[in-house]
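Me: I want to check the labels used for this model against their cut-offs. Can we go through them one by one?

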Amino acid sequence: MSKSTLTRRGVLRSGAVAGAGVALPTIFTSSPASAFTNEPTGDTVTLGFNVPQTGPYADEGADELRAFELAVEHLNGGGDGGMLQTFSSKVLDGTGILGKKVTYVTGDTQTKSDAARATAKSMIEKDGAVMISGGSSSGVAVAVQGLCQEAGVIFMAGLTHSNDTTGKDKKANGFRHFFNAYMSAAALAPVLSKLYGNDRRAYHLTADYTWGWTQQESIAAATEAPGWQTVENVLTPLAQTDFSSYIAPVLNSGADVLVLNHYGGNMVNSLTNAVQFGLREKQVNGKNFEIVVPLYSELMAKGAGKNIAGIVGSQNWDWKLENEKGAKYAGTNAFVKSFGEKFGFPPSQAAQTCYAQTLLYADAVTRAGSFNPCAVGEALQDFAFDGLGNGPTTYRASDHQCFKDVLVVRGAENPEDEYHLVEIIEVTPVEQVTYDAEHPMFAGGNLGSCNAGV
Amino acid sequence: MDAIILQILNGLDKGSAYALIALGLTLIFGTLGVVNFAHGALFMIGAFCAVTLNRILTLSHQVLDESRKDFLGNPLKVDVPYVTEWFGDQAGAAIIDWAVPLAILFSIPVMILIGVIMERGLIKHFYRRPHADQILVTFGLAIVLQEIIKYFYGANPIPTPAPDVFRGSFDFGVLLGFDPNVIIYPYWRLVYFAFAALIIGGVFAFLQFTTFGMVVRAGMADRETVGLLGINIDRRFTIMFGLAAAVAGLAGVMYAPINSPNYHMGMDFLVLSFVVVVVGGMGSLPGAVLAGFVLGILESFASMNEIKSILPGIDQIIIYLVAIIILLTRPRGLMGRKGVMED
């Protein structure tokens with residue numbers, strides 16, 4: 001016969017031990033420590049918008065900031081909702097992201113990689129940003145993308161056009177909505193052949209950093225295929241303001257086309273110098289001398305003034321797209337209306353890509369049900385969407401590059417007003433600009449695996 | 001040969017800007033003994049005088065054009081400049097077109113006033129302080145001026161075109177017997193060079209042939225003695241500071257069509273202009289002008305593909321390389337020995 005040894009104290013002690021044992025797994029899984037970098041714990045979530053507010057790309061940076069501000073307003077239920085109304089995914093309801101109100105911090109990249117890394121680092125470490133967006137220089141984008149990968153936050157690239165961003169420098173935590181140099185060249189080359197013939201000699205001036213190099217490589221390869229020759233490629237420093245000493249040798253080079261692989265303030269100055277030197281009026285090899293600016297924007301067209309007339313280039317998007325090319329590009333008019341009513345002028349392509357990236361991030365978080373960058377990344381990979389102004393678009397999983405139609409545009413000869421500075425002359429279908437993920441121009445990198453940080 | 005002539009021409013406009021800025025720097029250093037790091041900012045403000053006058057002349061009111069639509073589909077608001085209303089379409093358009101040359105008149109009083117305020121308000125307190133203090137305070141002032149311009153005009157370059165008659169380029173080679181289209185040079189850059197030559201000549205004539213200039217030169221040589229003669233040399237030096245500011249400002253006004261003005265353009269020229277002053281010989285006005293043109297032309301040559309293929313990156317360092325060589329061989333610069341300062 002057994003004798004019971006139960007006492008009041010013994011029962012209490014055993015109960016405490018047993019309770020602790022049962023609760024043990026919960027203690028480990030529900031630790032108050034963050035499961036990933038900057039996991040939002042309050043009723044707000046902070047996004048970091050890192051754009052050039054000074055330097056040669058300051059124009060684009062200012063417009064990017066306007067777009068971010070508008071996107072945050074729409075995500076929080078303000079304004080008319082813009083492209084939330086046209087976006088094919090319907091999970092965003094204007095209550096912030098996963099019920100948290102969206103706040104944001106901004107930084108000035110100064111168009112310098114080290115300054116951009118410093119501001120992004122501060123946004124992540126001091127402000128608790130869970131996602132960084134922005135750009136305008138591929139050198140900056142590549143540097144900040146690397147930092148975000150190390151820190152364990154998502155980088156939704158803004159304006160970055162170098163092949164390297166989703167090529168040799170691609171990262172699992174980085175995603176690019178904007179098109180790239182290869183796509184520009186693939187869209188432009190057939191149009192250039194049609195306009196100027198296949199027997200052309202091209203002289204390239206190229207911004208001396210990742211974007212310029214890949215832009216030049218892409219456009220040279222695409223134009224040489226039908227028969228163009230590349231006479232010379234001269235690298236120019238990003239900080240250069242007067243390009244006259246680079247333009248002067250073009251006159252005697254035997255070239256009949258000048259390709260300006262420049263962007264922003266650099267392009268405004270180099271094109272102005274080229275026109276000052278009379279290149280547009282020149283005849284070489286029995287042909288009219290032509291100038292090509294492979295990457296274009298309305299902001300640059302405005303900066304270059306009358307010099308832009310007749311110059312051909314490519315764009316990721318244009319505010320006139322839906323009106324001129326139809327409902328396939330739905331979202332364009334909704335965005336132009338929101339942006340135009342708030343700021344008094346139409347948005348640039350830099351603004352559209354940054355706005356779209358912010359919505360895409362919010363949408364991915366909502367679909368994933370988590371701010372964890374690995375969950376967000378998974379939600380974005382191979383995500384096919386529509387209604388953000390570019391037509392049907394896909395985020396390719398293998399390199400995190402968006403694929404969509406590319407515009408070929410030309411500077412208007414007689415613009416009807418200051419907003420109609422470029423004319424859309426062709427929309428190149430996505431199939432024509434899509435390339436294999438293993439294409440040599442994009443080789444050498446490794447996407448790696450996502451980093452959730454802490 | 002044609003390439004060499006082209007690069008010489010090409011170096012002239014850059015050299016003109018260097019020479020004009022260096023001339024003003026030397027005037028200030030020669031008269032007041034101040035190393036003025038805010039001088040590039042004065043060049044930048046001059047360019048923004050052209051921008052400002054352009055904006056004044058294009059001040060408009062809006063008229064609704066019901067027959068046209070804006071980007072949002074609303075009736076288009078058309079800007080009608082007051083100038084065209086007051087003077088008629090043709091005359092008004094011509095006035096707007098000539099905004100940059102007109103800005104010369106506008107900028108002279110503005111720049112003199114800025115220069116005098118700068119000297120009386122701030123710089124005079126640093127006359128007896130070490131050069132390091134002067135550099136710090138004027139550099140700080142340059143940043144303040146830059147930020148003010150950035151606040152009001154933004155960070156982006158602002159296109160400020162030359163009059164239509166000076167747009168396009170001139171076939172210089174045909175004059176020299178070359179084939180057409182071999183040596184082409186923009187009209188406005190020739191205008192800039194001629195304007196710089198005029199200003200430089202004017203400053204030298206002013207110092208050489210006027211009583212005011214003679215007193216200033218005497219003051220530069222021996223300030224105390226001139227003061228003992230009962231001449232208020234300080235007031236004359238203040239006026240010289242204003243004139244130096246006006247020279248920098250005029251250089252900026254005329255440079256505006258060459259490269260669209262931006263708030264940072266002064267800094268881009270400042271460091272190079274100091275190198276020019278040192279190479280020319282501190283305090284030597286002819287030295288500053290000579291070094292300005294020589295270094296501008298050398299920089300242009302260094303950017304030739306033939307030279308860069310042998311010495312990559314030489315275009316970025318040529319000015320500093322030449323400065324090192326000259327200072328090693330002639331520590332007082334090209335004309336430091338017999339400069340105006342030391343006559």
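Reply: Start with the sheet. Two strands pair if DSSP finds at least two bridges between them. The model is predicted.

Me: What makes β13(A) and strand β14 (residues 393–395) of chain A a pair?
Reply: Pairing needs at least two bridges. There are 2 bridges joining β13(A) to β14(A), and the two strands run antiparallel. A:Phe385 stands opposite A:Thr393 in β14(A).

Me: Why are β13 (384–385) and β15 (402–403) of chain A called edges?
Reply: The open sheet has 3 strands, in the order β13-β14-β15 (chain A), with antiparallel pairing. β13(A) and β15(A) each have a single partner strand, so one side of each lacks a neighbour in the sheet.

Me: How do you know that A:Cys374 and A:Cys450 form a disulfide?
Reply: The cut-off is sulfur atoms within 2.5 Å. The sulfur atoms of A:Cys374 and A:Cys450 are 1.8 Å apart, so the pair counts as a disulfide. The structure holds 1 disulfide over all chains. The link of A:Cys374 and A:Cys450 is right-handed, with 105 degrees about the S-S bond.

Me: What does the pair tie together?
Reply: A:Cys374 lies in helix α13 (residues 373–380) of chain A, and A:Cys450 in the segment after α14 (430–433) of chain A. The pair therefore links parts that are 76 residues apart in sequence.

Me: Why is A:Cys374 called partly exposed?
Reply: Buried means under 20% relative accessible area, and exposed means over 50%. A:Cys374 has 23%, so it falls in between. A:Cys450, with 34%, is partly exposed too.

Me: Why is A:Cys148 in no disulfide?
Reply: The nearest cysteine sulfur, that of A:Cys450, is 14 Å away. A:Cys148 is buried, because its relative accessible area of 0% is under 20%.

Me: And why is A:Cys402 in no disulfide?
Reply: For A:Cys402 the nearest cysteine sulfur is that of A:Cys354, 13 Å away. A:Cys402 counts as buried, at 1% relative accessibility.

Definitions and conventions: Residues are numbered from 1 along each chain as its sequence is written. Chains are lettered from A and ligands numbered from 1 in the order in which they are written. This is a predicted model: local features need pLDDT of at least 70, side-chain atom pairs count only at pLDDT 80 or more; totals for chains, interfaces and linings use all residues. Side-chain values use heavy atoms; hydrogens and water are left out. Helices (H or I, at least four residues) and strands (E, at least two) are DSSP runs, numbered from the N terminus. Buried means under 20% relative accessible area, exposed over 50%, partly exposed in between (1.4 Å probe, protein chains only).
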